[in-house]
Amino acid sequence: DRAPRKGSSTELDLRGLRVDEALGRVDEALNDAALDGASSVRLIHGKGTGALRRAIREYLGGHPLVMSAQDGEGPGGDGVTVAELE
């Protein structure tokens, strides 16, 4: 049994996945993070064409657990989106 890690961040690497596959994993990660008491999820989608980034951010915008989503800080920059949880 995992103890809650309030304020912790969890990370998910989605590079190389198709959009539908990535969104399934994002949903699972958001649910797991919320259950674990994490405050945010760091989603690594890479830079590429930007299609995955756009799809993920659009998805996060309508997700009930997500308060906000923004570019990752530091290494990764716009290849990373951080979802802040409710």
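Helices (H or I, at least four residues) and strands (E, at least two) are DSSP runs, numbered from the N terminus. On this basis, Tyr59 is found in helix α2. The structure is a predicted model, in which local features need pLDDT of at least 70 and side-chain atom pairs count only at pLDDT 80 or more, while totals for chains, interfaces and linings use all residues. Residues are numbered from 1 along each chain as its sequence is written, and side-chain values use heavy atoms, with hydrogens and water left out.

The protein contains two helices and four strands, arranged along the sequence in the pattern β-α-β-α-β-β. Of its 86 residues, 41% count as buried (buried means under 20% relative accessible area, exposed over 50%, and partly exposed in between, with a 1.4 Å probe and protein chains only). Contact is defined as heavy atoms within 4.5 Å. Among contacts between residues at least 6 apart in sequence, 62% join residues at least 24 apart.

The axes of helix α1 (residues 19-36) and helix α2 (residues 51-61) come within 10 Å and cross at roughly 40 degrees. Such axes are lines fitted to C-alpha atoms, for helices over the stretch in contact, and angles run from 0 to 180 degrees between N-to-C directions. Angles under 35 degrees count as roughly parallel, over 145 as roughly antiparallel, 65 to 115 as roughly perpendicular and the rest as oblique; α1 and α2 are therefore oblique to each other. At this contact, Val19, Ala22, Leu23, Val26, Asp27 and Leu30 in α1 meet Leu52, Ala55, Ile56, Tyr59 and Leu60 in α2. The residues of the contact comprise 10 nonpolar, no polar and one charged (Ala, Val, Leu, Ile, Met, Phe, Trp, Tyr, Cys and Pro count as nonpolar, Asp, Glu, Lys and Arg as charged, and the others, Gly among them, as polar).

Within α2, Leu52, Arg53, Ala55, Ile56 and Leu60 are buried. Viewed down the axis of α2, its buried residues fall within an arc of 165 degrees, so they line one face of the helix; the arc is that of the directions from the helix axis to the C-beta atoms. These buried residues pack against α1, β2 (40-44), β3 (66-71) and β4 (80-85). On the other side of α2, Arg54, Glu58 and Gly61 are exposed.

Tyr59 is partly exposed, with a relative accessible area of 27%. Not counting residues up to four places away in sequence, Tyr59 touches Leu23, Val26 and Asp27. The C-alpha atoms of Tyr59 and Val26, 33 residues apart along the chain, are separated by 9.1 Å.
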